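Open your viewer and get the selection tool ready. We will hop from one stop to the next.

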Amino acid sequence: MSNSRKGKARQTGQTRGAHTEGEISSQPIVWRDSLAGLGIQISSLPLDWRSCDHVLLVGCGSTYYLALWAGSLIQSQWSGRAEAIPSSEVVLFPEQRLPRDGRTLLVAVSRSGETQETLRSVEYFSRRRIGKTLAITCYPDRRLAHITDMVLSTPTAQEESVVQTRSFTSMMLAMATFIDGGIPPDLGDRLQAAGQQLLDTHAELAAMLGAELSLSHIVTLGSGPLFGLACEAALKLKEMSLTTSESYHTLEVRHGPMSMVGAHTLIVALLTREARQTELRVLSDLKSLGATTLAISDYDLSDSPHFIDHHVQLPSDLPPFWRDPLYLVVPHLLALERTRAKGLDPDRPPNLTAVVRSV
Ligand code: F1P
């Protein structure tokens, strides 16, 4: 290829994905706006989930992973039962998957509010009259919001792209508002500042790692609620950059998947405080197999253990689960950069549509 053609190809590669890039980089301001709206909505939501016996959370793809994150968080602070399942499980196996007794709240998460499996799961649940339904969505005017009893929405997070980025992190804030029953004071400004700082500080790291195409296998790890976010990070890399990516509960990677780890593997580890020592030992094992490691934590690792190649530190002074959207910012950038480095278009992943309308 001539130099001028190469230059042109590189330029096209760089400008592809304008929607996705805009959606990723606008997250801080969109979070602040979403929180302002959610503060008003939550004040008139007529239900406290603690008054139920079960909370069942459903979604598809990204929004199922959001449900996994939330289910784990709810369960960690409650003696009732919280469970996240794909919407399709309710549609296909209702007798097995719906609680038989007690008061159940169904929380249906869907960016579009039009995914058939999620609509069908709500319709089925409502027909059974076993409890109330809540929609968490970016579209308060679409069908899901019309068929549920309650809605929390983040319309400013709507997207042009097929792949969910700011919609996901903003719906996490809707879920956090629901779990907390309100919003901590000044959170919008603080989260906006923290998000902007992450974007500014780690753009170069994401570009450098994203361009490292010899890393052809990406494994994302997370324990507890962070497992759902690890799944979402892997899905971004898969959908956008067509990279073989897998997600595991952090210690699970040692039970089989480790056989595939080597110099071609990038480990993206979302680390918890609670399991710090054990999780770091897993990273050390993976490094000794030749993997490159990227750790994302809300604690300091400046003594830089030799087995951590790259570290993203999140602020530790934000309330616990409210800061969780920050875990996804660098994985978003990494997916975007890798997609561009492969000459693909982040706005147009092959084979995917924004909404799956058939069951
Ligand atoms: C969820 C979904 C995902 C898919 C893609 C587009 O839709 O279809 O299943 O992986 O990211 O979104 P929704 O119900 O959240 O609108």
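Predicted model: local features only at pLDDT ≥ 70, side-chain atom pairs only at ≥ 80, totals over all residues.

Begin with helix H4, residues 62-76, which lies across strands E1 (54-59), E2 and E3 and runs at about 170° to E2. Helices (H or I, at least four residues) and strands (E, at least two) are DSSP runs numbered from the N terminus, and angles run from 0 to 180 degrees between N-to-C directions of axes fitted to C-alpha atoms, for helices over the stretch in contact. Residues are numbered from 1 along each chain as its sequence is written, and side-chain values use heavy atoms, without hydrogens and water.

Next, show the sheet itself: five strands, open, in the order E2-E1-E3-E4-E5 with parallel pairing (two strands pair if DSSP finds at least two bridges between them). Strands E2 (81-86) and E5 (150-153) are at the edges with a single partner strand each, so one side of each has no neighbour in the sheet.

Select Met-175 now. Leaving aside neighbours within four places in sequence, Met-175 is in contact (heavy atoms within 4.5 Å) with residues including Leu-57, Trp-69 and Ile-136.

Finish at helix H13, residues 329-341. Just after H13, click Gly-343, which takes a positive phi of about 75°.

Terms used:
Expected span 1.5 Å × (residues − 1).
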